[in-house]
Amino acid sequence: MSQPEWHSDFFTGLVVESQRRLNPESKTRDEARFLQTHLRVAPGGRVADVPCGDGRLTVAFAEAGYETVGVDGSQGLLEAARERLTGRSLPAEFHRRDMRDLPWESHFDGVFCVGNSFAYLDDAGNEAFLRAVHRSLKPGGRFALETGVVAESVLPNLVSGRWWLLGDLYFLHETDFDPLTSRLTSDYTLMRDGVVEKKRA
């Protein structure tokens with residue numbers, strides 16, 4: 001029996017809470033404007049955010065008048081995303097799906113993937129995701145992909161560990177790079193109110 005992929009149970013507990021605190025609203029607004037400019041989709045168009053995490057950019061697009069769909073595999077993150085819609089009438093919906101499993105065909109004017117999410121999968125998984133995005137786009141639709149996980153970005157800035165204080169939540173990120181496999185492994189320690197959680201990605 002194959003082992004479950006690391007991200008199948010990574011986004012739970014304090015990790016979900018940390019994701020909600022890591023990105024200030026000003027960053028979300030700037031990123032949304034950047035994506036709207038480069039996707040070249042007019043307001044009213046259909047846009048997908050895959051994976052969407054806590055829905056911050058999905059909702060920002062909906063606020064700007066786009067029909068938006070957020071897809072993510074984490075129930076905890078999707079609950080946080082849906083909270084953003086509480087009491088609001090916005091053209092946004094969220095689906096729990098694997099990012100390689102997008103059932104739409106020729107449906108979206110634009111799709112985006114940000115936040116280093118492209119690094120979740122192996123080569124075969126990355127190819128499956130890109131094929132799924134391609135199928136979901138209308139002819140002429142545009143795809144924006146953000147990734148900093150390339151040697152030119154990782155190696156000059158590789159440090160053994162960094163701490164962040166997010167309110168009352170302590171967040172430690174430690175990294176290890178294997179030059180033989182070109183694989184970057186991250187270990188996370190999260191602490192709040194005496195609760196300690198450890199995760200590996």
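Here are legends for a few close-up views of this predicted model.

Local features need pLDDT of at least 70 and side-chain atom pairs count only at pLDDT 80 or more, while totals for chains, interfaces and linings use all residues. Residues are numbered from 1 along each chain as its sequence is written, and side-chain values use heavy atoms, with hydrogens and water left out.

**View 1. Trp104 meets Phe108 edge-to-face.** The model has eight aromatic pairs, counting Phe, Tyr and Trp rings (six-membered ring for Trp) with centres within 6.5 Å; planes under 30 degrees apart are stacked, over 60 edge-to-face, the rest tilted. In this one, the ring centres sit 5.4 Å apart with the planes at 65 degrees, so it goes down as edge-to-face. Trp104 is buried at 15% relative accessibility, and Phe108 is buried too, at 1%. (Buried is under 20% relative accessible area, exposed over 50%, partly exposed in between, using a 1.4 Å probe and protein chains only.)

**View 2. Trp164 pairs with Phe171.** This is another edge-to-face pair, 5.7 Å centre to centre with 70 degrees between the planes. Trp164 is partly exposed at 34%, whereas Phe171 is buried at 8%.

**View 3. Three rings make a cluster.** Phe61, Tyr66 and Phe112 are linked by ring pairs.

View 4. Tyr170 is partly exposed at 41% and lies in strand E7, residues 169-178 (strands are DSSP runs of E, at least two residues, numbered from the N terminus).

Technical notes:
Helices (H or I, at least four residues) and strands (E, at least two) are DSSP runs, numbered from the N terminus.
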